[in-house]
Amino acid sequence: MNCILETANAKLNLALRVTGRREDGYHYLSMFNVLIDLCDHIELMKAKSEDLLSVSLSEVLEARLSLTEKAVLCSQQGNIVIKALKLFREVSGVRDRVEIKIKKNIPLGGGLGGGSSDAAAVLRALLKLFQEYDLSRSVSDTLNMQSVKIGADIPFFIIESRAAVVEGIGEILQPLSDNWLSGHEVVLIIPEVACSTPEVYRIFRKLVSLPQSQKLNISDLKILKGSPVDLRGLLVNDLLAASLEVAPAIKPLYQELINFEDLAVGMTGSGSTLFAMNRGAAEISAIQANSLLEVSGRYGALCLRARIL
């Protein structure tokens with residue numbers, strides 16, 4: 001194979017519970033994750049003498065980011081991808097040089113998992129690119145287990161399940177083959193300000209001395225096709241209050257969004273991306289879309305329509 005193309009989809013945490021904390025400081029989580037059709041594109045091929053990595057941005061990101069922000073995004077993006085490449089070489093023993101090209105559509109630092117998804121896509125592409133070495137199943141399994149050290153979301157992206165309950169620090173996964181929310185439209189509201197994940201967890205620990213949330217129960221989530229569900233009851237995130245304290249500029253935007261009676265509004269990851277879904281239908285109506293666009297614009301937030309896979 002001369003060139004491998006991979007799609008790296010963004011994710012939403014429709015539900016996120018913090019259930020405890022390990023001695024090393026990592027938090028135990030219980031999450032309901034889904035993939036959405038917003039994605040980056042990865043191209044990977046063999047190189048002759050040295051590794052090459054290039055990152056390009058979509059027109060939307062180009063127009064939205066300053067030169068400094070673009071440099072930071074490309075640097076952070078490169079760091080996690082290079083870590084994935086190093087992990088692959090440690091586990092597989094393959095030392096061949098590669099060229100990696102990334103086209104970014106997913107904003108970084110908003111809780112959408114763009115960096116982790118790209119790293120997972122690179123790991124998948126590397127396994128395909130070097131099939132000639134007859135890499136054992138154990139190499140793939142080891143990558144799945146150890147990738148959580150690079151990013152807590154990577155194991156979810158590696159398995160390529162469109163929906164899963166994710167627990168532990170991100171390494172315990174229960175793929176869901178029948179997610180009735182598949183096909184539902186979501187509107188992403190991405191504020192200009194990002195939330196630092198370490199800072200969000202620091203504030204969370206200050207607000208909540210000991211996490212009390214229980215693990216998500218699949219039957220309680222009512223995610224099997226055809227089950228009635230109140231989306232407002234489903235979309236929970238234990239980190240919301242901490243994220244709003246870390247980035248107080250988001251709070252008035254969030255307050256306006258939750259005032260829409262016909263919408264269910266959530267936050268993904270540790271923020272700052274908010275998202276809205278129609279409570280009564282799979283599609284966002286034109287009136288709802290226009291209202292969300294108007295509110296987002298007043299706060300300088302990017303407004304994107306996407307769909308749950």
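Predicted model: local features only at pLDDT ≥ 70, side-chain atom pairs only at ≥ 80, totals over all residues.
Okay, let's start with the aromatics. How many aromatic pairs turn up when the whole structure is searched? Three. I'll take you through two of these. In one, the rings of Phe 130 and Tyr 133 sit with their centres 6.0 Å apart, and the planes make an angle of 55 degrees, so we call that pair tilted.

Tyr 133 comes out at 39%, so Tyr 133 counts as partly exposed, since buried would need a value under 20%.

The other pair is Phe 156 with Phe 157. Here the ring centres are 5.5 Å apart and the planes are again at 55 degrees, so this one is tilted too. Both Phe 156 and Phe 157 are buried.

Back to Phe 130 and Tyr 133 for a second, please. Together with Phe 88 they make up one aromatic cluster. Keep Phe 88 in mind, as that residue also belongs to the contact between helix 2 and helix 3.

So, on to those helices. Helix 2 covers residues 67-92 and helix 3 covers residues 114-129. Their axes come within 9 Å and cross at roughly 35 degrees, and the crossing is right-handed. Who makes the contact? From helix 2 we have Gln 77, Ile 80, Val 81, Ala 84, Leu 85 and Phe 88. From helix 3, the list includes Gly 115, Ser 116, Asp 118, Val 122 and Leu 126. By type, the contact residues split into ten nonpolar, three polar and one charged.

Val 187 is in strand 7, residues 185-190. Val 187 is buried, with a relative accessible area of 1%. Leaving out residues up to four places away in sequence, Val 187 touches Leu 274, Phe 275, Ala 276, Ile 284, Leu 292, Cys 303, Leu 304 and Arg 305. Ser 161, on the other hand, is 26 residues away in sequence and 22 Å away in space, C-alpha to C-alpha.

Leu 274 shows up again with Tyr 254. Tyr 254 belongs to helix 10, residues 250-258, and at 13% relative accessibility this tyrosine counts as buried. Setting aside neighbours within four places, the contacts of Tyr 254 are Leu 240, Leu 244, Val 265 and Leu 274.

Then there's Gln 288, in helix 11, residues 286-298. Which class does a relative accessibility of 5% put Gln 288 in? Buried. A polar atom of the Gln 288 side chain lies 2.9 Å from the backbone nitrogen of Ser 285.

Last one: Asp 238. Where is this residue? In the loop between strand 8 (236-237) and helix 9 (240-246). A polar atom of the Asp 238 side chain is 2.9 Å from the backbone nitrogen of Val 18. Val 18 is also one of the contacts of Asp 238 beyond four places in sequence, along with Leu 16, Arg 17, Phe 204 and Ser 213.

That's my tour, thanks.

Methods. Residues numbered from 1 in each chain as written. Heavy atoms only, no water. Phe/Tyr/Trp six-rings, centres within 6.5 Å; stacked < 30°, edge-to-face > 60°. Buried < 20%, exposed > 50% of the residue type's maximum accessible area, 1.4 Å probe, protein only. Axes fitted to C-alpha atoms, helices over the stretch in contact; angles between N-to-C directions. Helix = DSSP H or I, 4+ residues; strand = E, 2+ residues; numbered from the N terminus. Left-handed = near helix turned anticlockwise from the far one by under 90°. Contact = heavy atoms within 4.5 Å. Nonpolar A, V, L, I, M, F, W, Y, C, P; charged D, E, K, R; others polar. Polar contact = N/O pair within 3.5 Å; in protein donor to acceptor, adjacent residues only side chain to side chain.
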